[in-house]
Amino acid sequence: MNAVELINFSTWYGSKNILKNVNIGFSSDAITAIMGPSGCGKTTMLRSINRTAEMETGFKWDGDIHVLGQSINKVKNVARVRRQVGMVYQTPVALPMSIKENVLFGPRYYGLKGRSHGDAIVEDCLRKVALWDEVKDRLQQPASKLSGGQKQRLAMARVLAVEPRVLLLDEPCSSLDPASTNLIEELLKRLTKDLSIIIVTHNLFQARRIADETVFLLEGQVVEKGHTGTIFTSPRHEKTRGFISGLFG
Ligand SMILES: Nc1ncnc2c1ncn2[C@@H]1O[C@H](COP(=O)(O)OP(=O)(O)OP(=O)(O)O)[C@@H](O)[C@H]1O
């Protein structure tokens, strides 16, 4: 089953057409990587799936997106969509508050009474992102003191605290060192048991290491989507082959 489906989906910024009649499904309980050259619309695709692209001036869309079988594009309660579809960004962001408050921020923001308090939720989320042992003695300290890699794992804990069904990640490791990158990759592989993960990455080695499926996007159109091994070893399309060989060749 597909967790997310784009159906005849197009977007524009002003008069500039970015995504062009995209039809694609993202599998449940799997990691899908989106790769493609700069400016091809990867971030726009992610931000359309959690309804944050519409915050940009001049953004327009046509078509539909389904999340877990439900159309989300006309949902009036946008917060409900954004809770269901969490997003982690390229730059690790720690909110200006304690580590504990960072984790509880989402549940409080969305008014999830059962999850807004309680050390158990904080511990559970921090354990899920393998941060608990590093921070358990300083939960009340400002999160700003954490390293970049720790902040990125905290950002993931903050998203997981509201129990999303889909996790979007936009180049989450681009500012991290290899050790932090490795930690995040291991985490993502574990998390996929409960979550559908869609990750934009410029690092094709990363896509190959962690993604079950890979999508190649070019100029706002899906050129090819398939099992990651197949995409990298025997892509169907010349353009995919060109993109991959340009980076690996
Ligand atoms: N807020 C905006 N207003 C106008 N144009 C925008 C806006 N955001 C993005 N664009 C344009 O939309 C196109 C697609 O951008 P997008 O960020 O989705 O690409 P991308 O594939 O994620 O690129 P990159 O790999 O460089 O991050 C680009 O031409 C970009 O300049």
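In what order do the strands of the open sheet come? The order is 7-8-9-4-10-11, with 6 strands and mixed pairing. At the edges are strand 7 (85-88) and strand 11 (221-227), each of which pairs on one side only. From one strand to the next, the twist averages 20°.

Before I go on, this is a predicted model: local features need pLDDT of at least 70, side-chain atom pairs count only at pLDDT 80 or more, and totals for chains, interfaces and linings use all residues. Residues are numbered from 1 along each chain as its sequence is written.

On terms, helices (H or I, at least four residues) and strands (E, at least two) are DSSP runs, numbered from the N terminus. Two strands pair if DSSP finds at least two bridges between them.

Back in the sheet, strand 4 (residues 31-35) and strand 9 (residues 196-200) run parallel and are joined by 4 bridges. A33 has I199 in strand 9 as its bridge partner.

Now the helix pair. The axes of helix 3 (residues 99-109) and helix 4 (residues 119-128) come within 10 Å and cross at roughly 95°. Axes here are lines fitted to C-alpha atoms, for helices over the stretch in contact, and angles run from 0 to 180 degrees between N-to-C directions. Helix 3 and helix 4 are therefore roughly perpendicular to each other, a term for angles of 65 to 115 degrees.

Which residues meet there, from helix 3 and from helix 4? K100, V103 and L104 in helix 3 meet V122, C125 and L126 in helix 4, contact being C-beta atoms, placed from the backbone, within 7 Å. That contact has 5 nonpolar residues, no polar ones and 1 charged. Ala, Val, Leu, Ile, Met, Phe, Trp, Tyr, Cys and Pro count as nonpolar, Asp, Glu, Lys and Arg as charged, and the others, Gly among them, as polar.

Next, the ligand. The residues around it include Y13, I18, K42, T43, T44 and E56, with the C-beta atom, placed from the backbone, within 6 Å. Helix 1 (residues 42-49) gives the largest share of this shell, 3 residues. By class, the shell has 3 nonpolar, 6 polar and 2 charged residues.

Last, confidence. The protein chain has a mean pLDDT (the predictor's confidence in each residue, from 0 to 100) of 93, and 98% of its residues reach 70 or more.

Definitions and conventions
Parallel < 35°, antiparallel > 145°, perpendicular 65-115°, else oblique. Contact = placed C-beta atoms within 7 Å.
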